[in-house]
Amino acid sequence: MIKTFDNFPLKEKNSFRMDVSCARYIEYDKADDLKEIDFNTLPQPVLCIGGGSNLLFTADFPGTVLHSKIKFVKYVDVGLDEIPIAVGAGVTFDELVKETCGHGLWGLENLSLIPGDVGGAAVQNIGAYGVEIKDVVSGVVCYDIQEKKKVTFKKDECAYAYRSSRFKEAPDKGRYIITSVLFRLSRKARPQCGYQGLCDALGGIEPTSPQQIREEVIKMRQAKLPDPAVIGSAGSFFKNPVLTMDQFLHVAGVAEKEHGEHFPVPHYDAGLGMLKVPAAWLIEQCGLKGKRIGQAAVYEKQALVIVNDSGSASPEDILNAMEVVTNSVREKFSVSLTPEVEIIQ
Ligand code: EPU
């Protein structure tokens, strides 16, 4: 069924709680509903949102916001070690993780408590604690607006990369609407405990159920990240930058000048001689952790998150906070941060 609303308020539909509206808002609960929509006559542009947990509206949206309420979880070949699952794009991602962990299926547990819906998770290749959704996705089913038909992409055709996919980048951005996602989970134990913080939290003990990992991940997230139901935010605001060795040595030099020799810069190998440095560390070194910037702030427990903690921040307040952070990091470390959050102009 399709439901259509004009001049629709979006404050409850985006986790930053920006008080903006859209010209038209459409909800649908079946993939076939999309065939009935004449995309040429809709107010433009058209934007699909899931939980609205990774975007920043910068003004009233002149176009159409589409929201999937396709909710099903279908276990295909129960009984095998590998369990294929088809999941509607409108299923709340953490409801899925809770359910699959409850069934003892391995694969999604490290991604516990990430806000948003399954469709949005597959667009942006969500990741946490050493796992990305692409690691367990086997395919993505879409509606092609241009050809007006269903199309299925295998995982290898989705151009997955760090917080990115073909659905997020030109030329395909906006062309495909994800209607369901195919996962391959495992009955066999497949614990992913390489991420240092998770390994420490588990006390070096190999977990025997996905539920054990889920519980530790939930504890870690609750300790560091704001609860979107309480404090407006969109999780990590910036991507972790990938630096060349020269850029990294420059960062290390700045840190050494300020703190002396024994002040290592945290980093991870990003392949091809590149190193990934936590943006949160760079931001914290600029003295911005917990800093109030107008009606917004850099979150006091995790410097990668910009929060609308006052509840009354405007898009300008968030953009201003973004600029203060990017300018400070550029001036101090000569590193350019890019937003992880999708900024809707
Ligand atoms: N750190 C600081 N200051 C801080 C926070 C972190 O210096 O305030 C440094 C520490 O050295 C820490 C390191 O940054 O060891 C990494 O911190 P954390 O484990 O919190 O991870 P992150 O790199 O800051 C990424 C994801 C998160 C995900 C965590 C855990 C991105 C953009 N963010 O953050 O994803 O939950 O890893 O895996 O890659 C999100 O995408 O919205 C998100 C929350």
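In which loop is Pro45 found? The points below take up this residue and other features of the model.

1. Basis of the note. This is a predicted model, in which local features need pLDDT of at least 70 and side-chain atom pairs count only at pLDDT 80 or more, while totals for chains, interfaces and linings use all residues. Residues are numbered from 1 along each chain as its sequence is written, and side-chain values use heavy atoms, with hydrogens and water left out.

2. Cis peptide bonds. Pro45 is found in the loop between β2 (21-28) and β3 (46-49); strands (E, at least two residues) and helices (H or I, at least four) are DSSP runs, numbered from the N terminus. The bond joining Gln44 to Pro45 is cis, with omega about -5°. A cis bond also joins Ala170 and Pro171, with omega about 5°, and Pro171 lies in the loop between β11 (149-154) and β12 (176-186). Most peptide bonds are trans.

3. Positive phi. Arg17, a residue other than glycine, has a positive phi near 60°. Arg17 lies in the loop between β1 (2-9) and β2.

4. Ligand shell. The ligand is surrounded by 24 residues (a heavy atom within 4 Å). The closest are Tyr129, Tyr162, Arg163, Tyr195 and Glu284. At least two residues of the shell come from each of β8 (127-128), α4, β13 (232-236) and α6 (279-285), and α6 supplies the largest share, 3 residues.

5. Taken alone, the ligand exposes 810 Å², of which the protein buries 83% (accessible areas by the Shrake-Rupley method with a 1.4 Å probe).

6. Helix pair. The axes of α1 (residues 93-102) and α4 (residues 210-224) come within 8 Å and cross at roughly 145°; axes are lines fitted to C-alpha atoms over the stretch in contact, and angles run from 0 to 180 degrees between N-to-C directions. The crossing is left-handed, meaning that the near helix is turned anticlockwise from the far one by less than a right angle. Asp94, Val97, Lys98, Cys101 and Gly102 in α1 meet Pro210, Gln211 and Arg214 in α4 (heavy atoms within 4.5 Å).
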